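Student: I would like to go through the charged pairs and the chain contacts in this model. Can we take them one at a time?
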Amino acid sequence: MTTVETPTPREMTVIYNRDDKIFRGIVTSGALTSLVVLGAIGLFLFLRGAQIFSDNGLNFLVGSNWTAGSEDGLIPNDFSIGPMLVGTIVVSIIALVVAFPLAIGGALYLEFYAPQVVRKPLVTLLDLAASIPSLIFGLWGVQIFSSFGERWATLLNDRLGFIPIFGVEFENFGRSPFIAGCVLASLIIPITTSVAREVYSRTPRDLVDTCYALGGSKWGAIRAVVIPYGRSGVIGGAMLGLGRALGETVAVYLLLNLVFRYNFRILESEGGNVASLIATKFGEATDYELQALVAAGFVLFLLTLVVNMTATTIVQRNTPRA
Amino acid sequence: MIATTTSAPAPQTPWSTSRPARVRAVSILAISGVAAAAIVLVTGLAGIDGWALTFFAISLTVAFVRTARIGAKERTDAIMRVIISSAAVVAFVPWLSIFGSVLLKGYSGVRINYFTQDMRTTVPDDFLEYGGAIHAIVGSLMMVLIATVITLPLGILSGIYLTEVRGRFTFLVRFVVQSMSGVPSIVAGLFVYTTYVYGTESFSAFAGALALAVLMLPTVARTAEEVLKLVPEDLRAAGYALGARQWRTALMVVLPTVRSGLTTAAILGVARVIGETAPLLLTSLSNSSLKFNPFDGPIASLPTYVFGYLQIGTEYAIARAWTGSLVLLAIVLMLFSLARRFGGKDER
């Protein structure tokens with residue numbers, strides 16, 4: 001009797017000749033452009049905003065004034081983005097709080113509940129929604145959604161007004177961070193939902209079937225297997241959504257009145273975020289003010305970069321590369 | 001020899017919902033819907049959102065009552081089914097509403113002159129028979145074209161790097177491309193402003209295209225990588241076995257097989273940036289006359305056109321903005337279906 005040994009693949013050694021080296025060099029430098037561009041964005045924004053950072057120091061991040069000085073110097077320049085930073089975070093958090101449960105619901109529905117007939121069209125709709133420009137979300141928010149939003153805001157204020165964040169100073173419920181947050185929520189639901197769906201679809205089928213075989217209900221299987229299995233991936237998806245919400249410009253610009261004041265009352269019709277500040281003030285900014293806007297852009301860049309890198313790390317760790 | 005024709009047994013699905021059960025489910029939904037409408041009419045709840053809330057409450061109650069005798073586990077299951085389905089509906093409704101409202105409100109402005117005239121001699125609030133958006137459409141296409149010319153080679157190179165060359169920086173490049181896709185669009189605009197526009201003092205289509213390129217690169221690079229990953233390893237091995245060097249294999253064996261996939265990458269990139277407004281507000285500004293020179297001062301684009309006319313706020317200006325977004329959305333949809341068609345080709 002003979003035993004046939006399966007041959008082990010031999011180690012391949014590659015020797016690149018000159019042509020190959022040139023090719024690899026060109027490709028590598030092409031691939032590194034994105035790295036260079038990303039670095040250049042950070043570097044140039046920092047350099048152009050450096051004057052502001054050295055003039056204002058930490059006050060740039062916490063102060064609440066945006067005053068362009070007069071030319072004779074009687075009114076000094078005073079630029080800081082505290083309220084806008086807070087506004088950015090408040091609006092994004094509202095968006096995330098609204099979007100997250102809906103996105104999870106949407107993903108679970110598409111993966112586990114949707115009948116085959118509607119599933120495909122809905123997935124197409126989801127992909128499409130991810131490519132609707134944010135401008136159109138803003139337009140829709142201003143012209144269509146805001147009347148609904150105002151009604152909900154009035155209701156919230158009426159019933160829950162005793163909680164400080166739902167209180168208002170002026171009973172004018174339009175153009176509030178709440179409404180902007182809701183519109184941003186519908187803006188980030190597509191990305192969050194598709195990441196969540198992707199993650200949920202990778203749940204090992206055996207585990208789910210085991211749940212059913214043990215007499216578990218559908219929700220039982222989802223709770224015991226699907227949700228724990230997809231937890232970190234879903235968090236990554238939510239952070240990708242958060243990153244989008246933090247940097248959103250036009251939708252927020254169209255939906256919020258830019259008011260330079262710390263505002264934690266989400267139903268008050270004032271607010272703004274860093275991105276919309278840049279878009280608003282850019283047109284008639286003096287040279288020094290422009291530097292302040294660039295500095296604000298640098299802060300926004302860092303903020304979103306941190307959020308996105310974290311999200312990317314989480315998502316990549318949970319996406320086995322084929 | 002015995003001739004047997006055995007047909008594989010059709011898979012049985014005894015657990016799938018039977019027809020009567022489905023009819024029952026649908027009629028319960030319908031009755032709940034009518035009941036919700038009745039409650040909304042009788043009580044002070046307002047509008048379609050009030051109806052939706054009532055419908056949700058009724059569905060929950062029905063789920064609760066129907067499972068009351070079976071057991072706690074089934075009850076939770078039924079209630080969660082209602083909650084998850086409702087969440088999905090709430091998540092999807094805004095998009096449908098967006099598509100619907102853009103279509104309805106933008107439809108009135110779709111006329112021949114919208115695609116043949118610019119706004120040089122027309123005031124924004126003029127009747128919709130006058131003026132158009134050809135300047136914005138041309139401007140947008142021009143910028144997107146330039147951006148594509150810049151990003152497509154870079155994106156493909158980065159895809160080749162990640163799949164063929166697989167050098168030292170593979171992880172880094174992949175990570176940077178991913179993080180770069182999260183750069184806020186306004187930051188891209190600000191970057192081009194500080195580097196290019198500020199130096200040359202010229203707002204132009206080219207500056208706008210540069211900003212769009214920054215936003216487009218990650219999409220193109222990532223799609224190119226995905227597409228190149230689908231090329232079977234055998235093809236490369238065959239190339240090497242024929243004695244081709246790596247560069248020949250990559251350029252002449254691998255790349256041609258994914259031609260339509262790379263087209264998809266470009267299309268997806270274009271779809272990603274065609275609606276970007278914020279960077280253009282800082283780089284190409286806006287203008288009301290048709291022009292074709294990408295270096296010749298401020299130029300209109302569809303997004304800034306919509307944005308600008310919305311800001312003007314008069315009746316016909318807003319109508320123009322809606323029509324502009326209808327055109328924009330139509331372009332995005334067209335690109336999307338193109339991408340699907342091309343994307344399907346390489347997958348065998």
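Student: Which residue meets Arg18(A) in a salt bridge?
Tutor: The model is predicted, so its distances are computed values. The N to O distance of the pair is 3.5 Å, and a salt bridge requires such atoms within 4 Å. The partner of Arg18(A) is Asp19(A).

Student: Is Arg18(A) buried or exposed?
Tutor: The cut-off for exposed is over 50% relative accessible area. Asp19(A), at 29%, counts as partly exposed. Arg18(A) has 64% relative accessibility and therefore counts as exposed.

Student: How many residues apart are Arg166(B) and Glu233(B)?
Tutor: Their side chains form a salt bridge at 4.0 Å, N to O. Arg166(B) sits in the loop between α4 (134–165) and α5 (170–180) of chain B, while Glu233(B) is in helix α8 (residues 233–241) of chain B. The pair links distant parts of the chain, and the separation is 67 residues.

Student: Which residue of chain A forms a salt bridge with Arg340(B)?
Tutor: Between chain A and chain B the count is two salt bridges. In the one formed by Arg340(B), the closest N and O atoms are 3.2 Å apart. Its partner is Asp127(A).

Student: Which helix of chain A gives the most to the side that touches chain B?
Tutor: By class, that side of chain A has 53 nonpolar, 22 polar and nine charged residues. One helix supplies 20 residues to it. This is helix α1 (residues 18–56) of chain A.

Student: What is the area buried between chain A and chain B?
Tutor: The contact involves 84 residues of chain A and 85 residues of chain B. Carbon and sulfur atoms give 77% of the buried area. The total is about 7,600 Å².

Definitions and conventions. Residues are numbered from 1 along each chain as its sequence is written. Chains are lettered from A and ligands numbered from 1 in the order in which they are written. This is a predicted model: local features need pLDDT of at least 70, side-chain atom pairs count only at pLDDT 80 or more; totals for chains, interfaces and linings use all residues. Side-chain values use heavy atoms; hydrogens and water are left out. Contact means heavy atoms within 4.5 Å. Buried area is the accessible area (1.4 Å probe) that two parts lose on being put together, summed over both. Helices (H or I, at least four residues) and strands (E, at least two) are DSSP runs, numbered from the N terminus. Ala, Val, Leu, Ile, Met, Phe, Trp, Tyr, Cys and Pro count as nonpolar, Asp, Glu, Lys and Arg as charged, and the others, Gly among them, as polar. Buried means under 20% relative accessible area, exposed over 50%, partly exposed in between (1.4 Å probe, protein chains only).
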